[in-house]
Amino acid sequence: MATFTVNGESRSFDGDPGTPLLWYLRDEAGLTGTKYGCGQGVCGACTIHLDGVAVRSCVTTVEMADGKVLTTIEGLHPEGDHPVQKAWRELSVPQCGFCQAGQIMQAVSLLSANQAPSDDEIAQEMSGNLCRCGCYQRIHAAVRLAAGGV
Amino acid sequence: MLHYLKKEAEKAERKAAPAFIENVSRRGFVGGALAASGLVLAVRIPGASAREKLTPYPTGGADMPHGYGSASDPNVFVSIKPDGSVTILAHRAEMGTGVRTSLPMVVADEMEADWSRVSIAQAVGDEPLYGNQDTDGSRSMRHYIQPMRECGAAMRQMLEQAAAAKWGIDVSRVRAKAHKVVQLDDAGNETGETLGFGDLAEAAMALPVPARETLLFKTPDEFTYMRKGETKITDLHDITTGKAIYGADIRLPGMKYAVMIRPAVLGEKLKSFDGAAALKVPGVEAVHEIEGFHEAPRKFAPLGGVAVVANSTFAALQGREALSVEWEPSADHAGYNTDAFFEEMSETSKKPGKVIRDQGDVDTAFANAKAVFSEEYRCQHLNQAAMEPLVAVARVADGKCEVWAPVQSPYGAREDLAKALDLPIEDVTVHMTLLGGGFGRKSKWDFMVEAALISRKIGGAPVLLQWTREDDMHHSFYHTVSVERIEMAFDDAGKVTGFRHRSVAPSIVSTFAPDSGYQFNIEYGMGFVNTPYEIANVRCENGQAFAHTRIGWLRSVSNIPRAFAVQSAVAEAAHQLGRDHKEFLLELIGSDRILDVKALGYPEDFWHYGDPYESFPVDTARLKHVINLATEKAGWGQELPKGQGLGLAAHLSWHNYVATVVHVDVKEDGTITVPHAVTAMDCGFYVNPERIRSQVEGAAVMGMSHGLYSGITFKNGAVEQSNFYDYEIARMSNFPKVVDVLLVDPQPGRNAAGVGEPGLPPFAPALANAVFSATGKRLRTMPMGEKVA
């Protein structure tokens with residue numbers, strides 16, 4: 001039995017402890033904002049926070065989350081008004097939008113560790129999050145914009 | 001695309017003569033500039049708002065299955081509640097282009113609705129009602145701007161009539177404005193009396209819809225939302241908060257989760273399987289064979305295989321791991337190796353092929369040439385690889401089928417689901433979720449049919465069929481593999497006197513009809529027979545190549561290899577002649593003129609993106625203009641530090657004139673980086689410049705992906721790549737840092753072109769040309785690799 005906090009709520013899971021958090025969140029907890037993109041930790045679509053730090057939930061198991069605090073896109077801010085979310089909207093970043101929850105979670109994690117990242121640091125820190133529509137220019141600009149307000 | 005291919009398949013079934021898709025007699029060829037179409041007369045309404053009559057111009061939308069349906073009918077697309085809230089239907093698929101915002105915005109603007117009081121509802125797949133919904137071919141705006149403006153104008157006029165009736169005054173004394181109708185005095189000034197849309201809704205909706213010829217439209221200076229670029233996409237808040245619903249986000253009571261195993265090689269059939277171990281995995285509830293369709297042409301039929309059904313996706317995945325499956329080998333395709341195939345295609349490209357376009361006397365031009373250029377350009381297979389892998393939720397119970405999916409072609413899917421399940425089409429419903437990218441793959445609904453077959457096998461419970469990323473890489477409908485050979489003959493003065501283009505590539509048509517090894521007029525129309533250069537002797541030949549995988553379309557389709565080949569070759573020829581690339585390219589395009597495509601030897605069945613030529617005549621001045629714009633902005637001709645260079649490419653597709661200049665900076669270790677790119681675009685009439693820019697920015701990233709990184713290869717019939725670690729796409733560690741988009745202001749008579757695809761083709765050749773400028777290395781195979789050796 002693994003117990004953890006998801007978006008401020010205590011939860012436990014007594015299924016297979018090797019279940020990736022991605023599938024726990026989507027299929028058990030009903031939190032579908034976290035997306036499946038690759039299952040191998042190479043696209044970043046499933047990025048969530050474990051104790052405030054970005055992890056790929058497709059390769060992080062329920063067991064690894066035992067006793068920890070999980071935050072998903074749904075729990076980032078009650079009204080969805082985290083400065084990173086606002087910056088995303090301000091600059092109309094998304095196209096199809098599918099990767100954006102992961103991008104936003106990665107950006108929040110980056111900015112909480114480094115409040116004034118350089119352009120290169122943004123690019124490096126965000127390079128694990130793929131976007132097939134190709135919103136990179138705007139993602140980069142939105143992280144920079146949010147850096148002023150985080 | 002789909003529509004034409006279906007017709008192609010039907011034709012093949014009838015064993016008809018090789019006629020082509022369009023009704024050629026309907027297509028006139030125009031010579032005069034702007035004589036074509038568009039705005040004809042503007043009528044000012046005294047005392048009321050400036051409105052104009054518009055003469056409709058024909059598009060291919062009318063020839064699509066079910067044509068425009070009732071797309072102009074506000075009773076179908078608009079509803080207004082007594083509180084004034086307005087709902088507008090979006091009937092096309094939203095895959096990131098912004099169409100779910102842009103088309104309803106056209107309706108809202110034309111009807112004078114306040115966008116903040118408009119909500120969008122997504123239509124189900126019902127083409128007889130809504131008009132064609134096949135969302136590909138950069139067609140949504142191109143075909144639906146007119147009907148949506150008509151829909152909005154009709155709604156506005158109904159509201160105005162209702163207000164006039166209520167006030168007992170003539171309709172010339174009222175005017176819809178910002179979600180209400182205002183009363184005017186005899187001089188045309190507002191009296192201060194108003195009626196809100198909500199107050200008028202019931203009376204307005206009860207009125208007959210005004211006839212098309214009585215409609216008056218807003219003039220561009222009256223637009224509130226169109227062309228402003230200030231309207232956020234309707235799903236923006238939901239996307240940034242995780243609330244947006246994509247295919248896998250549908251949740252139904254009692255829903256099961258399934259994955260499938262499918263044959264790795266086209267033509268392999270399930271021989272036997274043992275599901276005992278899979279059934280022991282906790283959570284796994286059932287294992288079933290799903291029948292495939294094994295006769296060519298396969299169209300979009302499921303490949304067949306084994307489905308594992310469970311109470312969670314993870315259990316289903318584990319169950320699949322535990323399956324033992326044996327396949328009967330494929331007789332026709334197990335020998336498919338792309339390395340060897342390239343060599344075969346290359347040999348074919350060196351010999352004469354089937355002549356598709358013949359103008360002048362190419363043989364004499366080459367025989368008399370002072371010098372000759374000849375090179376071949378190769379493109380690997382590509383996978384659409386949308387970030388959202390294929391997924392569908394289906395429930396087949398009580399003689400009815402309901403499917404939820406991220407699908408580009410909901411009605412085509414519905415028709416095929418009805419056929420596959422032997423149900424009347426009325427008993428099949430297809431709901432469109434948001435698409436996490438499409439790029440052509442989600443036009444093919446094999447995954448939806450699979451989900452429905454699984455639901456039926458398990459007795460009707462709803463089931464979510466999830467394709468893994470590996471499934472998506474291994475079982476796509478791939479962008480074709482190609483060799484394009486470009487040859488030019490030069491005279492003493494270095495003028496191009498002959499141009500020969502040989503194209504060798506398995507055809508999309510092989511997915512729909514018996515494979516002749518030859519391409520068809522749609523592929524010929526994408527930058528092959530219609531290279532718009534002023535050269536006296538031109539021949540386009542197609543060499544045979546047979547398909548050994550399912551060939552489909554990917555954003556911009558055959559324009560990818562054609563732009564790569566022609567735009568690289570022009571730069572190479574300029575270099576060979578010691579000429580400036582831009583000047584040489586402009587010289588090749590030649591005089592300002594509207595192309596008379598008949599005189600140029602275009603084939604009788606020339607495909608002009610499915611549209612009548614006279615509505616979108618090719619104007620060389622527009623192509624030259626975007627080249628001048630892009631090169632000027634990029635500082636063409638400037639001296640750059642060692643290792644840096646500019647590259648240019650210009651390509652016309654979907655009636656959209658696009659020029660791109662890429663600035664390359666090759667790092668010391670050979671890594672190709674792009675600090676800056678400029679794209680100039682003339683797409684005619686447009687409504688949402690902000691989303692056009694986002695499409696062009698994205699096309700630059702995708703162009704870099706295809707140019708440097710992405711390639712699908714086959715070995716012994718199977719795809720060698722599995723996931724994003726070996727099918728790479730551009731990451732933020734190396735992407736076009738700054739992309740300037742220059743959008744040409746719409747001119748009267750220049751109708752709305754496609755936008756979703758045309759930004760992509762010029763990027764990769766511009767990149768290759770820039771790498772050459774920077775390093776002197778010429779890269780002729782896509783993907784070129786991230787590093788220059």
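Two strands are said to pair if DSSP finds at least two bridges between them. The strands themselves (E, at least two residues) and the helices (H or I, at least four) are DSSP runs, numbered from the N terminus. With those terms in place, I shall present the structure shown above. It is a predicted model, in which local features need pLDDT of at least 70, side-chain atom pairs count only at pLDDT 80 or more, and totals for chains, interfaces and linings use all residues. Residues are numbered from 1 along each chain as its sequence is written, while chains are lettered from A and ligands numbered from 1 in the order in which they are written.

I begin with chain A. Five helices and five strands make up its list of elements, and from the N terminus on their order is β-β-α-β-β-β-α-α-α-α.

Let us look at strand β1 of chain A, residues 2–6. In a regular strand the side chains alternate between the two faces of the sheet. In β1(A), A:A2, A:F4 and A:V6 form the covered face, whereas A:T3 and A:T5 form the uncovered one. Which strands does β1(A) join? One is β2(A), residues 9–13, with which β1(A) pairs in the antiparallel sense over five bridges. Within that pairing, A:T5 stands opposite A:S10. The hairpin of these two strands has two residues between them, and A:N7 takes a positive phi near 50° there. Another is β5(A), residues 69–71, which runs parallel to β1(A) and is joined to it by two bridges. Here A:V6 has A:L70 as its bridge partner.

As for the chain as a whole, the C-alpha atoms of chain A fill a box of roughly 40 × 25 × 25 Å along the principal axes. The radius of gyration, taken over C-alpha atoms, is compared with a globule rule of 2.2 Å times the number of residues to the power 0.38. For the 150 residues of chain A, a compact globule would have a value near 15 Å, and the chain has 15 Å, which agrees. A residue is called buried if 20 or more other C-beta atoms, placed from the backbone, lie within 10 Å of its own, exposed if 12 or fewer, and partly exposed in between. By that criterion, 59% of chain A is buried.

I turn now to chain B, which has 20 helices and 29 strands. Its C-alpha atoms fill a box of roughly 80 × 75 × 55 Å along the principal axes. With 789 residues, a compact globule would have a radius of gyration near 28 Å, and chain B agrees with this at 27 Å. Of those 789 residues, 59% count as buried.

Finally, where do the two chains meet? Contact requires that the C-beta atoms of two residues, placed from the backbone, lie within 7 Å. On this basis, 50 residues of chain B are in contact with 46 residues of chain A. On the side of chain B that touches chain A, α7 (236–241), α9 (313–321), α19 (689–709) and β28 (738–743) each supply at least two residues. The largest share, seven residues, comes from α19(B).
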